[in-house]
Amino acid sequence: MTRLIPGLALLITLLQPALGQAPEPPANYDEARVGTYTLPDPLVSKTGKRITNPADWQKRRIELLQLFADNVYGQTPSRAIKLRFQVNNVDPSALNGLATRKQISIFFADYPQLPPIDVLLYVPKSAKKPAPVFLGLNFCGNHCVTTEADIPLSTRWVSNVIGEVSVNNRATEKARGLQATRWPIETVLKRGYALATAYYGDIEPDYPQGWHTGIRSVLGDTTNASNWGAIGAWAWGLSRIMDYLQTDPAIDSKRVLVMGHSRIGKAALWAGAQDTRFAAVISNESGEGGAALARRWYGETLERISTHFPHWFCPRYTTYSKRVAELPVDQHELLALIAPRPLYIASADGDQWSDPRGEFLGGVEAEDVYRLYGKTGLGPVSFPGLNEPVGQTVRYHNRSGKHDVTDYDWAQYLRFADELVR
Ligand code: GTR
């Protein structure tokens, strides 16, 4: 994704009136100008009751999930839909004998017009028992995560922007392995973990009208201010992949780490908040609408994201664009909904747009909920230096470098998984 450097963003802001557009509010990158804000307290119920134990938190959780559904991501349809899992291909000796590689399609039996979710799954051959698994959606098709020549190119709509390797929104061979550096499959397998991925566009292509060909075309209610948005759909898709993983004897479905980068990180958090089958959640630079506090005026704002990507959220979300203080929730409460399960929040210093400090503070503000369970979340830490992971059940690092998923990030996630999920 193209990220505007602050100077260029300012130039565009200045040009907007001449172009007849409403001026874009400038982004703030100055900590001194963030201002003050009051966060809603996750441990006070709607009726003003203070939550002091896990049993009451379970009730409060339901309230909070509803508030996020009503105001941020929209209501995830509760209707169970019939799935059909079709194993298309099994390579018993992929990656030089390191993995059993499966390609599975998840079909929606009652909606034959919908494309299936095509899952690519690697299981370590060395596993003596069902393997724990990292599950994450990918940005440009399963052929992007690996250079293996026999993964079919996705035939779905893909963005022309990513790496400029698609033509008329269709993938080309040039896209093969395009994002392989974000998916160190062999390293993950050698550490004893399986890896599952699918293209997020299988669930909904990421453009404003994309919902017409995705799951929201059959399970949405477009008349409703809390109709689910694309993030909700992607999160739902992660749960459907979980449905499959629960049926695969090679997988330990009690040890599924759901992860995601950037917009897919927002979806991973929302999936983990709603679906407690996920044993742990990893948010990689999820930023605004993800781990970063919405009330902080720094980097991307609610106003900006809801203007540029309204299809990601429920229609009501946009109504808070100029009154973020009135949003009944803030993102630390989304993080708190993961408790007491392990949570990793990662930022990158070169990605100020995502507001690294705001992501860290989101984790800090979830602490009290982890404490209810006798767990230490991040613990008493201040904003760490570069490449200094901190925390316990909730962990955080601010990596040097740009908006990306790197080997450094994975090294932390693998250690986190070894220590807290295994
Ligand atoms: C940006 C968007 C961010 C983030 C990012 C991405 O353009 O403003 O919220 O989601 O895209 O997904 O790469």
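The residues of the shell around the ligand comprise 6 nonpolar, 2 polar and 4 charged ones. Here Ala, Val, Leu, Ile, Met, Phe, Trp, Tyr, Cys and Pro count as nonpolar, Asp, Glu, Lys and Arg as charged, and the others, Gly among them, as polar.

This is a predicted model, in which local features need pLDDT of at least 70 and side-chain atom pairs count only at pLDDT 80 or more, while totals for chains, interfaces and linings use all residues. Residues are numbered from 1 along each chain as its sequence is written, and side-chain values use heavy atoms, with hydrogens and water left out.

## The ligand site

Which residues come nearest to the ligand? Of the 12 residues around it, they are Ser262, Arg263, Lys266, Glu300 and Trp353. A residue is near a molecule or strand if one of its heavy atoms lies within 4 Å of it.

| Residue (polar side-chain atom) | Ligand atom | Distance |
|---|---|---|
| Serine 262 | oxygen | 2.7 Å |
| Lysine 266 | oxygen | 2.8 Å |
| Glutamate 300 | oxygen | 2.5 Å |

Taken alone, the ligand exposes 320 Å². The protein buries 94% of that. These areas come from the Shrake-Rupley method with a 1.4 Å probe; for residues, only the protein chains shown count as cover.

Serine 262 has another feature. Its phi is positive, about 60°, although serine 262 is not a glycine. Serine 262 sits in the loop between strand S8 (251–261) and H7. Helices (H or I, at least four residues) and strands (E, at least two) are DSSP runs, numbered from the N terminus. Is serine 262 buried or exposed? It counts as buried because its relative accessibility is 10%. Buried means under 20% relative accessible area, exposed over 50%, and partly exposed in between (1.4 Å probe, protein chains only).

## Aromatic rings

How many aromatic pairs does a search of the whole structure find? The search finds 24. In phenylalanine 68 and tyrosine 73, the ring centres are 6.2 Å apart and the planes stand at 20°, so this pair is stacked. Tryptophan 312 and phenylalanine 313 have ring centres 6.4 Å apart and planes at 50°, so their pair is tilted. Rings of Phe, Tyr and Trp (its six-membered ring) pair if their centres lie within 6.5 Å; planes under 30 degrees apart count as stacked, over 60 as edge-to-face and the rest as tilted.

Phenylalanine 68 counts as buried at 0% relative accessibility. Tyrosine 73 is buried, with a relative accessible area of 0%. Tryptophan 312 and phenylalanine 313 are buried too.

Tryptophan 270 is found in helix H7 (residues 263–274). It is buried, with a relative accessible area of 1%. Tryptophan 270 and glycine 232 are 38 residues apart in sequence. Their C-alpha atoms are 7.3 Å apart in space.

Charges also sit over rings. Arginine 240 lies over the face of tryptophan 236, at 4.9 Å from the ring centre. Arginine 422 lies over the face of tyrosine 193, at 4.5 Å from the ring centre. The test for this requires NZ of Lys or CZ of Arg within 6 Å of the ring centre and within 35 degrees of the ring normal.

## Loops, strands and a helix end

A cis peptide bond joins alanine 339 and proline 340, with omega about 0°. Proline 340 lies in the loop between helix H10 (331–336) and strand S10 (343–348).

Asparagine 387 has a positive phi, near 55°, and is a residue other than glycine. Its place is the loop between helix H12 (367–372) and strand S11 (390–391). At 31% relative accessibility, asparagine 387 counts as partly exposed.

Asparagine 398 is part of strand S12 (residues 394–399). It counts as buried, at 3% relative accessibility. What does its side chain reach? The side chain of asparagine 398 reaches the backbone nitrogen of aspartate 349 at 3.1 Å.

Leucine 420 lies in helix H13 (residues 407–420). At 32% relative accessibility, leucine 420 counts as partly exposed. Leucine 420 and leucine 343 are 77 residues apart along the chain, and 9.6 Å separates their C-alpha atoms.

Technical notes. Polar contact = N/O pair within 3.5 Å; in protein donor to acceptor, adjacent residues only side chain to side chain.
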